[in-house]
Amino acid sequence: MTSTKKVALSVVNHQQDISYPLDYSFKGANEFSDFMNEKPRKRDEKCLVENDISSEKGSTVLIEKTNTTAFRVNNNLLSDWERFMDTLEALIVNPTLNLAWLDLSFNDLKSIDSALLQLPNLTMLYLHGNNIMDLEEVDKLTNLPKLITLSLHGNPLEATKGYYQYVLSKIPQLKTMDFTGVSRADKDTATVWSTMIAPNTKKKRKPKDS
């Protein structure tokens, strides 16, 4: 028979500050699944949850998860989102409820994945320094109601006319954008832009040559 012993810690209280992050930055990882075979940088040992799984053959496998609200994988070589959620589930206790801060900056991601919508308590998302080209990728973040801090600078989409106003019109609850506070005037300008300027911009777009 297979037996499992779990040492569980309390679920993170989202009213508290962001906890000590689980940090896999500067690991040279090409895929999210690579982190499953890596040791993180210094972490709070009090946040570990250990699962001792004993097989029928008597061997024991120790699986560690971290009870944290923050995950850092910045400065790696990630180019796609394959096994993103699998990795979170393997490394973090209940990430769909607990994860509030995600740092994906300085990778080579070319898109924003809708898998992020499985993290409804996400409040801070760093995506700066990637290779995201299409401004409409931002639309995928509109259903994250608690997202108040977002960074996208250093992506090709930043050069798109109306970039700042577009992002604020899609995610109006933002308080910080590209590490700069969002003012009431910024939001008002974004509202005007989205109702008057953006529609005209779309009308002027020429179809691509066949």
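## A salt bridge between Asp 108 and Lys 110

Asp 108 is partly exposed, at 33% relative accessibility. That term covers the range between buried (under 20% relative accessible area) and exposed (over 50%), computed with a 1.4 Å probe on protein chains only. The partner of Asp 108 is Lys 110. Their side chains meet in a salt bridge, at 3.0 Å from N to O. Lys 110 is also partly exposed. Its relative accessible area is 43%.

## Basis of the values

This is a predicted model: local features need pLDDT of at least 70, side-chain atom pairs count only at pLDDT 80 or more, and totals for chains, interfaces and linings use all residues. Residues are numbered from 1 along each chain as its sequence is written, and side-chain values use heavy atoms, with hydrogens and water left out.

## Other salt bridges

A salt bridge here is a side-chain nitrogen of Lys or Arg within 4 Å of a carboxyl oxygen of Asp or Glu. The count by this rule is 6. Side chains of opposite charge can pair when their charged atoms come close.

Lys 140 bridges to Glu 137. Their closest N and O atoms are 2.8 Å apart. Glu 137 counts as buried, at 13% relative accessibility. Lys 140, at 32%, counts as partly exposed.

Helix H4 spans residues 184–204 and holds both Arg 184 and Asp 188. These two form a salt bridge, with the closest N and O atoms 3.3 Å apart. They sit 4 residues apart, about one turn of the helix. Arg 184 counts as exposed, at 56% relative accessibility. Asp 188 counts as partly exposed, at 39%.

## The open sheet

The model has an open sheet of 7 strands, with mixed pairing. The strand order is S2-S5-S6-S7-S8-S9-S10. Its edge strands are S2 (22–23) and S10 (180–181), and each pairs on one side only. Helices (H or I, at least four residues) and strands (E, at least two) are DSSP runs, numbered from the N terminus. Two strands pair if DSSP finds at least two bridges between them.

Strands of a sheet pair through backbone hydrogen bonds, either parallel or antiparallel. Strand S8 (residues 149–151) and strand S9 (residues 176–177) pair in the parallel sense, over 2 bridges. Leu 150 stands opposite Met 177 in S9.
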